[in-house]
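Hi there,

As promised, I am handing over the structure we talked about. Have a look at it first, and then read on for what turned up.

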Amino acid sequence: MNTAPTNSRSGRFAHNALRHWGERIIESVLFLAAFSAVAVTVAIVGILLYESQAFFQHVPLKDFLTDTQWTIMFTDKHFGVAPLLAGTLTTTGVALLLAVPIGTVTAIYLSEFASHRVRETVKPVLELLAGIPTVVFGYFALLMVTPALQWFMPDLPGFNMLGPGLVMGIMIIPYVSSVAEDAMRAVPMHMREGSYAMGATRLQTALKVVMPAATSGVVAAYILGISRAVGETMVVAVAAGQQPNFTFDPRESGATITAFIVQVALGDLPHGSLEYQSIFAVGLVLVLLTLFFNVLGHVVRKRFREAY
């Protein structure tokens, strides 16, 4: 007597499984897409570790981290990554000094003050900057920004880190402003209405209610801008001089990690040579640097994140 209900239940489950096979296939495809991103990242890190191992068999890690000269193309070879790291941090710092305040103010204006028509006009125009090839920004820094800076600083050399850093700042403003504006607009409207009901102005509401509530998203925008600036290649390759100098003075020429990788990868150095393998070692440093900023951003977001 119990056979009939059991068969009926099994048939219903089989029917459901057959009915949802399409969703299961889609779920599997989505999982493979997500897994492929993780697999590619792991593969990149694995290749960098494998190739860097060959490099560090000839160059002590202590010299790599503490030497202040990077002269792998000269007879007296030094493999200290500090000059490349200083160039990367200096150009990134200059870029952030310009991009963070302008991007934040732009995001506040678009989110809290601009009309719908202005927002729908200005935001796409800003995002168009992200689509301009970076080599164009490089020539803009070399031929427009640096000569303009030389009006105020006559001693500024033609190749320096200040001009490329400022242009990188202009380049990443759309990233900062767009992501930060999205985070501010995601703040529930009833929080604004509560602030207005207490007599606060729009500026007070923006600074004391919306900004704190959107801190996690704003920090994410800053981290995105940092990662974009650290990984920028063509602007500094064209306008910074590609001279590895251990200095944090943006008025001097310098080289970044990415610019050095491009310089060696496109040169005549034979594959497998120590000089060629150095690009994997500095590439590993770049990955660790980016990972550090991302972890820092995650910690900050987790610390200030608010749920509504």
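Contact here means heavy atoms within 4.5 Å. Please keep in mind that this is a predicted model.

Let me start with a helix pair. Helix α10 covers residues 215-230 and helix α13 covers residues 274-304; the two pack at an angle of about 170 degrees, with their axes 9 Å apart. Angles over 145 degrees count as roughly antiparallel, so α10 is roughly antiparallel to α13. On the α10 side, the residues that meet α13 are T215, S216, V219, A220, I223, I226, S227 and V230. Their partners in α13 are L286, L289, T290, F293, N294, G297, V300, R301 and F304. Sorted by class, this contact of α10 with α13 has ten nonpolar, six polar and one charged residues.

Is R192 buried or exposed? R192 sits in helix α8, residues 189-197, and counts as buried because its relative accessibility is 5%, where the cut-off for buried is under 20%. The R192 side chain reaches the backbone oxygen of V187 at 2.8 Å. Not counting residues up to four places away in sequence, R192 touches S111, E112, M184, R185, V187, T205 and V210.

The other one is M171, which has its place in helix α7. M171 is buried too, with a relative accessible area of 2%. Again not counting residues up to four places away in sequence, M171 touches T134, F137, R228, E232 and V235. For a sense of distance, M171 and I44 are 127 residues apart along the chain, and their C-alpha atoms are separated by 26 Å.

Happy browsing, and do write back with any questions.

Best wishes

Note on methods. Residues numbered from 1 in each chain as written. Predicted model: local features only at pLDDT ≥ 70, side-chain atom pairs only at ≥ 80, totals over all residues. Heavy atoms only, no water. Axes fitted to C-alpha atoms, helices over the stretch in contact; angles between N-to-C directions. Helix = DSSP H or I, 4+ residues; strand = E, 2+ residues; numbered from the N terminus. Parallel < 35°, antiparallel > 145°, perpendicular 65-115°, else oblique. Nonpolar A, V, L, I, M, F, W, Y, C, P; charged D, E, K, R; others polar. Buried < 20%, exposed > 50% of the residue type's maximum accessible area, 1.4 Å probe, protein only. Polar contact = N/O pair within 3.5 Å; in protein donor to acceptor, adjacent residues only side chain to side chain.
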